Amino acid sequence: SAVFLAGPYAYKIKKPVALGFLDFGTLAKRRHFCEEEVRLNRRLAPDVYLGVVPVTTTEHGVRVEGQGEAVEWAVKMNRLSDDTTLQSRIRHGDLPSGAVEALAQRVASFHAGADAGEHIAAFGRFAVVARNARENFEQSASQVGTTLSRAVFERVRSLTEAELARHQHLIEGRANRGVPRDTHGDLRLGHVYLFPEREPPDDLAVVDCIEFNERFRFADPVADMAFLAMGLAFHGRRDLAGAFTEAYFRASGDREGRALLPLYTAYRAAVRGKVEGFKVSRGEIPGAERALALAKARAYWLLALAELDRPDRKPCLVLVGGLPGTGKSTLARLLAARAGFRVVRSDVVRKELPQAAREATPHDGGGMPAAFEEGLYAPDRTERTYSECLHRAEALLFEGERVVVDASFRGEKYRVRFLEAAARLGVTAVFLLCEAEPDVVRARLRGRRDDPSDADWSVYLEAAARWERPCRQTSEVVRVISTGADEGQVLAQAVAALRGFGLSR
């Protein structure tokens with residue numbers, strides 16, 4: 001469609017295209033689907049959709065709502081501010097308290113009252129659900145290597161098939177009982193508008209449902225609400241996704257439907273990954289938009305994998321930080337050996353970088369250690385080291401790996417950079433902050449032999465004096481690990497912390 005903004009109104013005109021899954025090829029069809037769009041969207045946004053109006057030609061040019069024979073038809077809407085969308089409010093920290101719970105109740109009520117029947121239920125049968133899910137992989141096969149790796153593609157496909165097999169009888173049984181409804185079909189965060197200053201039901205509106213294809217709209221209600229749950233997780237708010245989910249199932253009373261949530265959430269993520277992937281190959285889209293589409297597609301596919309895989313196999317990014325000698329590398333090694341992580345260690349990366357690999361380390365030749373933040377540890381070298389660590393971590397995440405980055409993360413800018421990368425890639429991030437008593441640290445540093453790290457007690461003291469406290473963004477994912485205990489206890493603390501983020505069993 002093309003949308004024209006005109007003061008307090010917006011006019012939406014459908015393009016004369018036939019794409020297989022939609023057909024706007026004739027003027028009569030475009031008028032029909034404009035009327036369908038108004039009818040269906042008035043269910044959740046009655047004051048937004050004003051009607052269908054003609055577009056005519058006059059001696060003065062094209063006229064919307066003009067007199068004479070229509071050359072096109074347009075949906076007329078009240079114009080809404082982008083700042084009031086759920087997506088915008090989350091991005092700017094302007095989400096009213098209880099908003100997602102209220103939205104969940106509204107969606108559950110909408111589903112309860114939506115049209116049902118034998119024709120609608122047919123679209124919720126297992127054969128159709130399986131076809132929809134498998135279609136994502138058929139249509140995304142050409143994107144492998146660009147928007148997702150072969151490993152991620154095969155894992156998501158295999159896990160989807162396993163989930164379908166596990167729930168075949170449940171899906172078919174719900175269709176037999178008439179559970180599927182005429183749903184919204186496109187519950188994106190950007191389609192939800194919140195108006196906390198208004199009284200219910202005028203405090204929210206949900207726009208832009210699927211009007212052009214019954215297969216995409218007639219579905220199990222869980223498949224519909226899963227779109228919103230997925231969107232909240234995609235935007236880094238798994239806490240809100242959980243709150244929305246709990247409120248929805250509490251309001252709907254659909255206890256058995258909860259079992260289908262991972263399947264449908266992953267399905268919705270795969271659909272979005274596929275669609276964003278289509279944009280990447282379209283030459284008419286500006287380069288910046290294609291780059292954004294590529295980043296989104298990769299994140300959606302990793303999110304789909306995380307929804308289906310076991311907690312101890314989900315792709316994720318774990319930062320293991322702390323002052324020198326606090327046991328960071330030991331913990332990273334333990335996580336690699338016992339929890340399936342790949343390790344990126346800054347001390348090793350620093351010395352593998354061009355030029356650094358050809359230079360002597362501060363301890364070579366029996367000399368004194370380099371002064372704090374000099375030589376290989378000068379700020380510019382540190383910047384390059386963290387950049388390379390991030391590059392390697394992102395490459396591993398693209399393959400669906402679980403990644404530990406072992407570095408001090410003394411500066412807040414580096415923590416934020418990695419956390420933002422995790423959010424951009426759609427994976428959960430955790431910062432395990434290692435701490436130990438100074439006497440334990442001093443003994444460890446004194447006893448080091450043949451270690452990539454060059455830090456000694458003087459470096460520890462300098463680093464401690466310049467340690468930056470976590471900001472709000474970072475503190476939410478920080479978990480302190482006391483490393484003065486034996487290795488088994490240290491690992492147990494870390495695993496418990498990961499379990500709290502859904503990354504361990």
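My entries follow, topic by topic.

**Ground rules.** I worked on a predicted model, where local features need pLDDT of at least 70, side-chain atom pairs count only at pLDDT 80 or more, and totals for chains, interfaces and linings use all residues. I numbered residues from 1 along each chain as its sequence is written, and my side-chain values use heavy atoms, with hydrogens and water left out.

**Aromatic pairs.** I searched the whole structure and found 15 aromatic pairs. For Phe, Tyr and Trp (its six-membered ring), a pair needs centres within 6.5 Å; planes under 30 degrees apart are stacked, over 60 edge-to-face, and the rest tilted.

I looked at Y386 and Y414 to begin with: their ring centres are 4.0 Å apart and their planes are at 10 degrees, so I noted the pair as stacked. Y386 belongs to helix α15 (residues 379-398) and Y414 to helix α16 (residues 412-425), so this pair links distant parts of the chain, 28 residues apart. Helices here are DSSP runs (H or I, at least four residues) and strands likewise (E, at least two), numbered from the N terminus.

Are these two tyrosines buried or exposed? Y386 is buried at 4% relative accessibility, and Y414 is buried too, at 8%. Buried means under 20% relative accessible area, exposed over 50%, and partly exposed in between (1.4 Å probe, protein chains only).

My next pair was F409 with F431, which is edge-to-face, at 6.0 Å centre to centre and 65 degrees between the planes. F409 sits in the loop between β12 (402-406) and α16, while F431 is in strand β13 (residues 428-435), 22 residues away. I found F409 buried at 0% and F431 buried at 1%.

Both pairs turn up in one aromatic cluster, formed by Y386, F409, Y414, F418 and F431.

**Charges over rings.** I checked for NZ of Lys or CZ of Arg within 6 Å of a ring centre and within 35 degrees of the ring normal. R198 lies over the face of F195, 4.0 Å from the ring centre. R415 has its charged end over the ring of W467, 4.8 Å from the centre.

**A helix pair.** I then turned to helix α11 (residues 261-280) and helix α12 (residues 287-308), which pack at about 160 degrees with axes 8 Å apart. Axes are lines fitted to C-alpha atoms, for helices over the stretch in contact, and angles run from 0 to 180 degrees between N-to-C directions. That makes α11 roughly antiparallel to α12 (over 145 degrees; under 35 is roughly parallel, 65 to 115 roughly perpendicular, the rest oblique).
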